[in-house]
Amino acid sequence: QSSATLLSIPSMLAGRPVGTMNFDRKQDTLRARAADEPLAATLQRHGYRTGFVVDRYVTNRLPAALDGFESLESITGEEDVSPWRARQAATAVTRAIEFLERDPGYLQPFFLTIYTADPHSPYVEHPGTRKFGKGGGARYDNELAYTDQYIGMLVEYLRAKPPLLDDTIVIVSSDHGEEFN
C-alpha cells in the first residue's frame, strides 16, 4: 500500500489504494476522509462482531482507522509506549483470544484485525527463537520468526475450536516492508 504506516493502515482497512484516498493531517494525526463505509462498519451492519487489537500508535495517530470496530483491545495499556520499544505479538494474540472467547459458542461471525508492530526497528533477538546469523537482516528475520510463532499460536487456538478454523479466513499482511540494501 505504502512505505508508511500512516498511509497503509487506512488503505488496508478501506480496501482502497492509497492514491485514491484523501487524507487530512492535524499535528501527528492523519485521518482518511470518509468516502466509503469502512469494511468493519459494513460487516458490523451485516451481523458481524468487529474487533481491533491495536496499540496506542494507531489509536493516537490514526483515529479514523478505528471506524466500524465495536471492540478495541489495547495492547499497550495506558502508558505511552512506542510500539517499536515494546514487543507486542504475545499480548496481541492474547487480546485476540480474549475477544474470541466473549462468544464462546462462536454463534456470531466475527471480523478481527490484529495490529502488532513486531517486527519493527530496532530489531532485537528473541531468546528461544531461531537465529539467522548476524546483522540487521538476521535480527529482522528473528523478529519475523518471533511474530510467526504467535500467529501460529492463534491459528492453533482456532484449530482447537472446531469448526472455527474451517469457517475462518486468516490473512497475514504487513503495512510496509523493510529494505536491507
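1. Let's start with R102, which counts as partly exposed at 49% relative accessibility. For that label, buried means a relative accessible area under 20%, exposed means over 50%, and partly exposed is anything in between, using a 1.4 Å probe and protein chains only. E73 counts as buried, at 7% relative accessibility. The side chains of R102 and E73 meet in a salt bridge, at 2.8 Å from N to O. R102 sits in the loop between α4 and β5 while E73 is in strand β4, so this pair ties together parts that are 29 residues apart in sequence.

2. Before going further, a word on the ground rules. This is a predicted model, in which local features need pLDDT of at least 70 and side-chain atom pairs count only at pLDDT 80 or more, while totals for chains, interfaces and linings use all residues. Residues are numbered from 1 along each chain as its sequence is written, and side-chain values use heavy atoms, with hydrogens and water left out. Helix and strand names follow DSSP runs numbered from the N terminus, with helices being H or I over at least four residues and strands being E over at least two.

3. How many salt bridges does the structure hold? There are five, each being a side-chain nitrogen of Lys or Arg within 4 Å of a carboxyl oxygen of Asp or Glu. As background, side chains of opposite charge can pair when their charged atoms come close. The R102 and E73 pair is one of them.

4. R95 and E98 both lie in α4, three residues apart, or about one turn of the helix, and their side chains meet in a salt bridge at 3.8 Å, N to O. R95 is partly exposed at 26% relative accessible area, and E98 is partly exposed at 35%. Another salt bridge joins the side chains of K161 and E101, at 3.6 Å, N to O. K161 is in the segment after α5 and E101 is in helix α4, so this pair links parts that are 60 residues apart in sequence. Both ends get the label partly exposed, with K161 at 28% relative accessibility and E101 at 35%.

5. Now the sheet. Three strands form an open sheet in the order β4-β3-β5, with parallel pairing. The edge strands are β4 (71-74) and β5 (110-114), each of which pairs on one side only. Neighbouring strands here are turned by 15 degrees against each other on average, direction ignored; the axes behind that value are lines fitted to C-alpha atoms (for helices, over the stretch in contact), with angles running from 0 to 180 degrees between N-to-C directions. Strand β3 (residues 49-54) pairs with β5 in the parallel sense over five bridges, where pairing requires DSSP to find at least two bridges between two strands.

6. At 1% relative accessibility, F52 counts as buried. The model has four aromatic pairs, meaning rings of Phe, Tyr and Trp (its six-membered ring) with centres within 6.5 Å, where planes under 30 degrees apart count as stacked, over 60 as edge-to-face and the rest as tilted. F52 and F69 form a tilted one, with 4.7 Å centre to centre and 45 degrees between the planes. Ring pairs link F52, F69 and F111 into a cluster.

7. Another ring pair belongs to helix α5. Y146 and Y150 are edge-to-face, at 5.1 Å centre to centre and 70 degrees between the planes. They are four residues apart in α5, about one turn of the helix. Y146 is buried at 11% relative accessible area, and Y150 counts as buried at 16%.

8. What about α5 itself? The helix (residues 136-159) has 24 residues and reaches 34 Å from its first C-alpha to its last, close to the 34 Å expected, with the expected span being 1.5 Å times one less than the number of residues. Its buried residues include A138, N142, T147 and L154. Among the elements covering the buried residues of α5 are α4 (89-101) and β5.

Terms used:
Contact = heavy atoms within 4.5 Å.
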